[in-house]
Amino acid sequence: MAPTVLHLRAEDKPLEHRSALTPSTTKALIAAGFKVNVERSPTSPIRKRIFDDSEFEEAGATLVSESSWVDIPSDHLVIGLKELDETKDFPLKHSHVTFAHCFKNQGGWEKALGRWSRGGGVLYDLEFLQDDKGRRVAAFGYHAGFAGAALAIKTWAWQLENPDGTPLPGVDEFTDGKGYYSSEEEMLEQIRGDVARGEKIAGRRPQILVIGALGRCGRGAVDACVKSGCEDILRWDMAETAKGGPFIEIVEADIFINCIYLSEKIAPFVDMNSLKTPNRRLSVVCDVSCDTSNPNNPIVSSWLLNSKFVLKPKLTNYSQSTTLTLYVPRSAGRIAIQLILF
């Protein structure tokens with residue numbers, strides 16, 4: 001019997017350096033009897049895979065051309081990380097394992113799912129892969145929260161150093177053009193420097209509120225704050241949010257980091273009225289869930305995307321994770337809020 005063929009595709013998204021398979025998992029899959037084909041990494045710096053092609057080859061994989069998955073036999077299983085290129089609409093005949101972001105009524109879900117329906121393929125969405133106890137098997141956890149919190153702290157310090165509203169540049173400008181940090185310590189050393197400069201201007205370090213602090217993402221966010229030297233942290237979870245928002249405590253903190261997994265509609269965490277409080281210090285919102293087009297999102301849909309603000313997207317990359325930063329212009333002399341969708 002011929003082995004099942006797994007085909008790791010190159011990622012489409014700019015500044016996406018991560019990989020759905022690592023060389024070590026590739027080696028384990030081959031040992032288990034699978035054949036693994038790996039598309040060569042894009043050569044462009046904004047899409048280059050974090051692992052070298054040679055590492056996959058040494059693990060026993062066969063290197064194939066980028067984007068070759070389109071023409072492979074229909075019984076080969078295509079593996080990827082993030083959703084496919086949204087500008088293309090040809091029918092999908094293969095089975096795909098990936099995060100498609102389309103099962104919770106996100107924007108464009110009909111078009112995304114329709115491609116598999118028209119082509120006869122199958123989508124195995126990693127977000128809904130569960131074990132026999134109903135727990136998610138694949139999730140962006142600890143390190144998503146860790147990297148998101150670090151970027152939020154950097155943004156707080158940047159605002160203080162740039163009171164004219166100049167937006168934070170892409171992280172490639174802080175990492176010698178790479179767009180990611182080579183190690184946790186390299187990132188933390190830089191963030192500690194950001195905190196020190198921000199503290200010198202503000203006379204204090206930021207207060208940070210983390211919702212979902214007991215979960216995987218939340219623990220990562222809290223650890224990043226502590227390791228960066230920011231220990232004034234409000235650690236919130238289900239008990240603190242049970243009464244329902246909006247929460248004035250969010251507005252009175254400098255940084256708000258949202259780490260909840262969104263599965264149903266809940267009251268907004270913040271709204272336009274709560275932002276008008278005279279005690280507002282909030283200037284950075286980091287949404288690690290990054291489910292921006294989900295109609296149940298308690299942050300974006302409730303007070304940003306449905307507001308009259310003009311949103312200016314800027315793609316950045318942080319510690320092997322893709323981040324979309326939306327800059328909200330200043331209004332009536334108040335400090336701008338920068339929303340980080342992680």
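**Close-up views of a predicted model**

**View 1. D176 sits in the loop between α4 (142-161) and α5 (184-202).** Helices here are DSSP runs of H or I with at least four residues, strands are runs of E with at least two, and both are numbered from the N terminus. This is a predicted model, in which local features need pLDDT of at least 70, side-chain atom pairs count only at pLDDT 80 or more, and totals for chains, interfaces and linings use all residues. Residues are numbered from 1 along each chain as its sequence is written, and side-chain values use heavy atoms, leaving out hydrogens and water. D176 has a positive phi, near 55°, though the residue is not glycine. With a relative accessibility of 77%, D176 is exposed (over 50% relative accessible area; buried is under 20%, partly exposed in between, with a 1.4 Å probe and protein chains only).

**View 2. S67 belongs to the loop between β3 (62-64) and β4 (77-79).** Here too is a non-glycine residue with positive phi, near 65° for S67. Its relative accessible area of 39% makes S67 partly exposed.

**View 3. A cis peptide bond links G245 to P246, with omega near 0°.** P246 lies in the loop that runs between α7 (238-241) and α8 (248-252). For context, most peptide bonds are trans, and most residues other than glycine have a negative phi.
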